[in-house]
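Subject: Structure for your files

Hello,

Here is the structure I promised to pass on. My notes on helix packing and the ligand follow below it.

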Amino acid sequence: MNVSPIPDTNIYVLKIGGRQLDDAGFLERLGGAVRELHRAHKVVIVHGGGKAIQTWQERLGLEPRYVEGLRVTDEDSLDVAEAVLSGLINKRLVALLLNAGVPAVGLSGVDGGLVRVEKMWHPLGDLGRVGEVQEVAPRVIHTLLESGHVPVISPISIGSDGLTYNVNADHVAAAVAAALRAERLYFISDVPGVLVAGQPVRALTVLQADQWIEEAIITGGMIPKVRSAVAAVDAGVPQAIITNLDGVLKGEGTAVVSANF
Ligand SMILES: Nc1ncnc2c1ncn2[C@@H]1O[C@H](COP(=O)(O)OP(=O)(O)OP(=O)(O)O)[C@@H](O)[C@H]1O
Ligand SMILES: [Mg+2]
């Protein structure tokens, strides 16, 4: 396989939603799409776990719970989340990409101390072993990019207590994109953008996002996604786009714009 370094230094971070990874049609097209992007850009992938974690929790008699779209993770649920995210999903995704000719390498936020977190305190309740990103040490990613690889990151990360934490993949993607000074951050989900009255909006400001969250037009998993997109743009990522795989290929979706817009 050809893993020669790519001259273009532009980094694209793709966050792939967990639910998309259960969709056979999506998986069929993903490898080719990443291969195309990787011709002109350095590509970093961060993935979620959505449905697969829930399926395994249910199989093991654990009840999935969420607070504002964030998964509540007790010790047993963390074992499941870590096994599914850093094991099953990460390795299946890497295998799929390799099979499509993409030189993928899987790792998690734990590996190389990539993503350091502290326990997240949420005003609406104890989330358990859920981490809030404190710092990203992107050295291991730069090393992989320089050798022409495509890093595939599971969002399980490491705390200052040496324990592993579940972290929302949108939060990890935003922090990684900022630390890498990425050119673009795509949130690839099962919706073509932030929908208002059924239609994706072209651009979203911070003020508008807060208002729509308050009015429950933006709910569930879209809340951490919109907030992460805003955080990435505020941290200097020029473009954060919420879209689906078609949107990436066609240049469509919702672009989140900074407070100074
Ligand atoms: N205004 C909105 N526009 C679009 N989607 C919305 C909106 N409000 C809530 N959602 C929900 O947000 C979901 C996307 O977030 P979700 O967390 O479920 O997926 P993901 O982040 O892609 O996957 P994962 O969390 O597994 O990484 C959509 O499927 C939709 O149900
Ligand atoms: Mg999500």
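Helix 2 passes helix 3 in a right-handed crossing (right-handed if the near helix is turned clockwise from the far one by less than a right angle, left-handed if anticlockwise; helices are DSSP runs of H or I of at least four residues, numbered from the N terminus).

On conventions: this is a predicted model, in which local features need pLDDT of at least 70 and side-chain atom pairs count only at pLDDT 80 or more, while totals for chains, interfaces and linings use all residues. Residues are numbered from 1 along each chain as its sequence is written, chains are lettered from A and ligands numbered from 1 in the order in which they are written, and side-chain values use heavy atoms, with hydrogens and water left out.

Helix 2 and helix 3

Axes here are lines fitted to C-alpha atoms, for helices over the stretch in contact, and angles run from 0 to 180 degrees between N-to-C directions. From helix 2, Ala52, Ile53, Trp56 and Gln57 meet Ser77, Val80, Ala81, Val84, Leu85, Leu88 and Ile89 of helix 3 (contact means heavy atoms within 4.5 Å). This contact of helix 2 with helix 3 has nine nonpolar, two polar and no charged residues (Ala, Val, Leu, Ile, Met, Phe, Trp, Tyr, Cys and Pro count as nonpolar, Asp, Glu, Lys and Arg as charged, and the others, Gly among them, as polar).

Helix 1 and helix 3

Helix 1 (residues 24–40) crosses helix 3 at roughly 60°, the axes coming within 9 Å. This crossing is right-handed. Leu27, Leu30, Gly31 and Val34 in helix 1 meet Leu93, Leu96 and Leu97 in helix 3. Six residues of that contact are nonpolar, one is polar and none is charged.

Ligand 1

Ligand 1 has 20 residues around it, of which Lys15, Arg19, Ser189, Asp190 and Lys225 come nearest (a residue is near if one of its heavy atoms lies within 4 Å). Oxygen atoms of ligand 1 lie 2.4 Å from a side-chain N or O atom of arginine 19 and 2.7 Å from one of aspartate 190. A nitrogen atom of ligand 1 is 2.8 Å from a polar backbone atom of leucine 195.

Regards

Methods
Helix = DSSP H or I, 4+ residues; strand = E, 2+ residues; numbered from the N terminus. Polar contact = N/O pair within 3.5 Å; in protein donor to acceptor, adjacent residues only side chain to side chain.
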